[in-house]
Amino acid sequence: MKLEEYLEKWIRGEAIEIVEYLAAAILAEETGYPEIAQALRKIALEEAEHGARALVLSGKIKDLKSFLKERLECEKKAAEERHEEARHHDEPWKTVFEYTARDEERHARIIEGLLRKLEKS
Ligand SMILES: [Fe+2]
Ligand SMILES: [Fe+2]
């Protein structure tokens, strides 16, 4: 397999693993296994580091400023979409859509602050 092909597959694989480990961690917390949850969260973070390393090395994130600008738009769009979904679904989805939408808005505000900081330096 060509390196570029492998990197694509690897990074996507790590990304889905992160979500799955965190999902299992939530399940562990909800079913009374806090230590298992903690270990799963640690694994998820390590998987994130693996994917991130591969992403940096492959040169996919060229510069910080354009990355942050791109993410800012994605976070805003995700928030809008999630609020919209919340309007069309009942519980428990409504709450999940709404609170994650508010998280995306907060991410956008953080990124705006980071961009201001970058522009000053
Ligand atoms: Fe990994
Ligand atoms: Fe986000």
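**Figure 1. The two domains of the predicted model.** The centres of domain 1 and domain 2, taken over C-alpha atoms, are separated by 21 Å in this model, which is predicted. Domain 1 covers residues 1-61, and domain 2 covers residues 62-121.

**Figure 2. Helix H1 and the residue that follows.** After H1 comes Gly32, which has a positive phi, near 85°. As background for reading this view, most residues other than glycine have a negative phi, and most peptide bonds are trans.

**Figure 3. The packing of H1 and H2.** Helix H2 is made up of residues 34-57, and its axis comes within 8 Å of the axis of H1, the two crossing at roughly 165°. Because angles over 145 degrees count as roughly antiparallel, H1 is roughly antiparallel to H2. The crossing in which H1 passes H2 is left-handed. When the residues of the contact of H1 with H2 are sorted by class, 19 are nonpolar, 2 are polar and 5 are charged.

**Figure 4. The packing of H3 and H4.** Helix H3, which is formed by residues 64-87, packs with H4 at an angle of about 160°, and their axes lie 8 Å apart. With this angle, H3 is roughly antiparallel to H4. H3 and H4 meet in a left-handed crossing. In the contact of H3 with H4 there are 13 nonpolar residues, together with 3 polar and 12 charged ones.

Figure 5. Pro92 has its place in the loop that lies between H3 and H4. The peptide bond that joins Glu91 and Pro92 is cis, with an omega of about 5°.

**Figure 6. Tyr99 in helix H4.** Helix H4 consists of residues 93-120, and Tyr99 is found in this helix. Tyr99 has 12 other C-beta atoms within 10 Å, and because a residue with 12 or fewer such neighbours counts as exposed, Tyr99 is described as exposed. Tyr99 and Leu114 are 15 residues apart along the chain, and 23 Å separate their C-alpha atoms.

Technical notes: Residues numbered from 1 in each chain as written. Chains lettered and ligands numbered in written order. Predicted model: local features only at pLDDT ≥ 70, side-chain atom pairs only at ≥ 80, totals over all residues. Domains from an automatic or database assignment. Helix = DSSP H or I, 4+ residues; strand = E, 2+ residues; numbered from the N terminus. Buried ≥ 20, exposed ≤ 12 C-beta atoms within 10 Å, placed from the backbone. Axes fitted to C-alpha atoms, helices over the stretch in contact; angles between N-to-C directions. Parallel < 35°, antiparallel > 145°, perpendicular 65-115°, else oblique. Left-handed = near helix turned anticlockwise from the far one by under 90°. Nonpolar A, V, L, I, M, F, W, Y, C, P; charged D, E, K, R; others polar.
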